[in-house]
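Dear colleague,

I am passing on a structure that I would like you to look over when you have time. The coordinates come first, and my notes on them come after.

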Amino acid sequence: GCRVNNYYEMKKDSQVMLLWNLDVRGKLANGSRGVIKDFFPAVGYYCLVKEEIQSRGNKGCKEQKQSTNNETTTNNAGQDGKQQSEEKNETEVKYEPELEDEPNSKKIGSGSSVYNYNFSNINSDYVENVKGFLCNSSDTLLEYEEEEMSGILSESKIKLLPYVHFTDMGSNQSNRKRVIRPRPFTKDFGNVATATRWQIPLVLAWAISIHKSQGLTIERLSVNLDGCFAVGQAYVACSRGKDLKSMTVKNFKPAEIKTSEKVKNFYQSLNGDASSYTSTWRDTIDEFDKCAKEKIQQQKHMSSCYKNTPCVSCGRMCVVRQIKSDRNKGKWYIACPTGGKRDGHTWEFVNTMPLTTPVGTSFKMFVPGQDGTVPEKLLGKQFFLTGIFPELGGGFGLKLGKEKMRELIQNFGGKVTGSISGKTDYVVTGIEPGKTRLEDAAKRRIASIDCSALKDILMGGALPATKTNSAETKTKAINTYFQASRHGCSYDV
């Protein structure tokens, strides 16, 4: 989301923090803290900017001279040039505030450009401070302020600008009092569009989380290290401060400082410990280049396989995308660009194995009693399927070949369930089996078989031992022991 909210509520004497690098040389950067002393009218600030611009370098004479030169050139060029000049002047219209004359109004400018604004309701010291700041500003900054404020006044609903006194020990206090105007905060949405929100770059500065404080430089800081859970979190929090004299640390414990194992191995390798060797920059760059090339090839490969897939609802061609976050990170899916899954449009995962890849003919849709197979070979056994089975075909995406594999097992007397349970005898694995499914099967000591092993079983091979078989053997042995004891015999079981 955006760093700034759409709506803020602030009042005088509110403690705020700057979210913009306003003046790095003047130590007004992202994280600077200040107090709102008052609210300056946006039109009044714009009028002061215009006054300062017009008071510099006899700007009016320069404009008149330029206008004379343009008029001479226009007369020499003919009527067409005059028409083009008039069209250009008509398009270059800036915002001009409409203000009524009042007894206590301050007149700004002269001639046709007269601005009137009543500053009687504003602290005179604040007005003088703003004028002093503008007087010490460069021509480039003033022109930029005029252009930005013109757009803000014509398009924005913001009418009052916070007048903030920023605090910083040892710096020039006269340069720490500023009128804060809206700034553009942007967010890119891939290659689709860029959203821009114009907002006052301030946020209430009573407290902030460690995560949100990254990148900030805070003058007066109180850090609470209780409950640090991430690697480097304590470092991020403490490094936000500027000086030990202006910061305090609470709940400090050595256990709260967590360091990355890679960092530890790196420094141990510098001390001559060869066993702690970590990747060098060269290794990392080579690995990065390799991964980047593989990613590009995979993206081209997936697009070529699924780009012509039509939506089941509207018929438009689906787009191929890869999930960048959450628990399905790295998985590929196809989606209709028109609508979502809830509206009946196509949205489903697809396997990373290309559908056009040649598959072997060693495993096929066997028929009981044919090709040497044994009918009812899987009778009474429960199976769970994970992965895809392109050898059998049918289905789509992560369901590729699963329905036919289910049908094959059922034809030989077996049963296929939708989840792993205590009654599951075997897990049949295809290409790209689920990692969590395999881990679950291993914990339950359930045997896993692939297509090759399943083929051998259908041809008359023995089924692998299962935990059920072992339990039945153990129960049978115990029963035999008790029966033998009853007749006065003893057996070693």
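The notes below go from the chain as a whole to its sheets and then to a single loop residue.

This is a predicted model, in which local features need pLDDT of at least 70 and side-chain atom pairs count only at pLDDT 80 or more, while totals for chains, interfaces and linings use all residues. Residues are numbered from 1 along each chain as its sequence is written, and side-chain values use heavy atoms, with hydrogens and water left out.

On confidence, the mean pLDDT of the chain (the predictor's confidence in each residue, from 0 to 100) is 77, and 74% of the residues reach 70 or more. The lowest confidence falls in strand 3 (residues 105–108), with a mean of 41, and the highest in strand 16 (residues 415–417), at 94. Please read two stretches with care: in residues 81–95 the pLDDT is below 50, and beyond near neighbours in sequence this stretch has 8 contacts in the model (contact means heavy atoms within 4.5 Å); in residues 354–361 the pLDDT is also below 50, with 10 such contacts.

The chain holds 12 helices and 18 strands, these being DSSP runs numbered from the N terminus (H or I over at least four residues for helices, E over at least two for strands). Of its 493 residues, 32% are buried, where buried means under 20% relative accessible area with a 1.4 Å probe, counting protein chains only. Among contacts between residues at least 6 apart in sequence, 61% join residues at least 24 apart.

Five strands, in the order 6-5-2-1-9, form an open sheet with antiparallel pairing, two strands being paired if DSSP finds at least two bridges between them. Strand 6 (177–179) and strand 9 (202–204) stand at the edges with a single partner strand each, so one side of each has no neighbour in the sheet. From one strand to the next the twist averages 45°, with axes fitted as lines to C-alpha atoms (for helices over the stretch in contact) and angles running from 0 to 180 degrees between N-to-C directions. Strand 5 (residues 160–166) is joined to strand 6 by 3 bridges, and Tyr163 has Val179 as its bridge partner in strand 6. Helix 1 (residues 42–54) lies across strand 2 (33–41), strand 5 and strand 6, at about 85° to strand 2.

A further open sheet has 3 antiparallel strands in the order 12-13-14, with strand 12 (319–322) and strand 14 (347–350) as its edges and an average twist of 30° from one strand to the next. Strand 13 (residues 332–335) and strand 14 pair over 4 bridges, and Trp332 is partnered with Val350.

Parallel pairing is found around strand 17 (residues 426–429), which is joined by 4 bridges to strand 15 (residues 382–386) and by 3 bridges to strand 18 (residues 447–449). Strand 17 is covered on both faces, with Tyr426 and Val428 buried on one side and Val427 and Thr429 buried on the other. The bridge partner of Leu385 is Val428, whereas Val427 has Ser448.

Finally, Ser137 sits in the loop between helix 4 (124–135) and helix 5 (139–155) and is buried, at a relative accessible area of 8%. A polar atom of the Ser137 side chain lies 2.7 Å from the backbone oxygen of Phe133. Beyond neighbours within four places in sequence, Ser137 is in contact with Arg56 and Leu142.

With best wishes

Terms used. Buried < 20%, exposed > 50% of the residue type's maximum accessible area, 1.4 Å probe, protein only. Polar contact = N/O pair within 3.5 Å; in protein donor to acceptor, adjacent residues only side chain to side chain.
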